[in-house]
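Subject: A structure for you to explore

Hi there,

Here is the structure I promised to hand over. Please open it next to this email and follow along as you read.

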Amino acid sequence: MFMKLRPLGDKVVLQYQEIEEKTQSGIILPDSAKEKPQIAVVIAVGPGKYENGKLQEMRVKEGDKVIFSQYSGTEVKIGEEEYTIAAQKDIMAIVE
């Protein structure tokens, strides 16, 4: 079964980038020993939100690689995939 996330307002759906981490001696760290990365790819973008009667358009788009606040958003799991749904204000930069 395929499900698609469609964020509302100024929310974005982010998916972490897989980063294999090794120690200097070559030991690969298990997922439980790693911190969550703060770099993710934007999977879906909401339409924006209204402020003072005007639509504030989104500044990120699908496919952008972004850096976001470490403890922001809500983590969700759909099937085997994990996502974070966060507000656009929690995104600090677009990686180019």
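Let's start at L5, which touches V13, A44, V76, I78 and Y83 when residues up to four places away in sequence are not counted; contact here means heavy atoms within 4.5 Å. L5 lies in the segment before β1. Strands (E, at least two residues) and helices (H or I, at least four) are DSSP runs, numbered from the N terminus. L5 counts as partly exposed because its relative accessibility is 24%. For that word, the cut-offs are: buried is under 20% relative accessible area, exposed is over 50%, and partly exposed is in between (1.4 Å probe, protein chains only). L5 and I43 are 38 residues apart along the chain, and their C-alpha atoms are separated by 8.7 Å.

Before going on, a word about the source. This is a predicted model, in which local features need pLDDT of at least 70, side-chain atom pairs count only at pLDDT 80 or more, and totals for chains, interfaces and linings use all residues. Residues are numbered from 1 along each chain as its sequence is written, and side-chain values use heavy atoms, with hydrogens and water left out.

How confident is the predictor? The pLDDT is its confidence in each residue, from 0 to 100. The protein chain has a mean pLDDT of 84, and 76% of its residues reach 70 or more. Among the elements, β2 has the highest mean (95), while strand β3 (residues 49-51) has the lowest (91).

Now the overall layout. The protein chain has eight strands and zero helices. Of its 96 residues, 26% are buried. Among contacts with a separation of 6 or more, 64% are between residues 24 or more positions apart.

Which strands form the open sheet, and in what order? Six of them do, in the order β6-β7-β1-β2-β5-β8, with antiparallel pairing. Two strands pair if DSSP finds at least two bridges between them. β6 and β8 (91-95) stand at the edges with a single partner strand each, so one side of each has no neighbour in the sheet. On average, neighbouring strands of this sheet are turned by 40° against each other, direction ignored. For that angle, axes are lines fitted to C-alpha atoms (for helices, over the stretch in contact), and angles run from 0 to 180 degrees between N-to-C directions.

Three bridges join it to β2, and four bridges join it to β8. On the β8 side, K65 has V95 as its bridge partner. In a regular strand the side chains alternate between the two faces of the sheet. In β5, V66 and F68 make up the covered face, and K65 and I67 the uncovered one.

That covered face leads to the core. A nonpolar core is a set of buried Ala, Val, Leu, Ile, Met, Phe, Trp, Tyr and Cys residues joined through side-chain atoms within 4.5 Å. The largest one has 11 residues: V12, L14, Y16, A40, V42, M58, V60, V66, F68, A86 and I91. At least two of its residues come from each of β1 (11-16), β2 (39-45) and β5 (65-68). β1 gives the largest share, three residues.

T84 lies in strand β7 (residues 81-87) and counts as buried because its relative accessibility is 1%. Its side chain makes a polar contact with the side chain of Y16 (3.4 Å). A polar contact is a pair of N or O atoms within 3.5 Å; within protein, one must be able to donate a hydrogen and the other to accept it, and residues adjacent in sequence count only if both atoms are side-chain atoms. Not counting residues up to four places away in sequence, S72 touches T84 and D90. S72 sits in the loop between β5 and β6 (74-78), and its relative accessibility is 12%, so S72 counts as buried. The side chain of S72 reaches the backbone oxygen of S69 at 2.7 Å.

Enjoy exploring!

Definitions and conventions:
pLDDT is the predictor's confidence in each residue, from 0 to 100.
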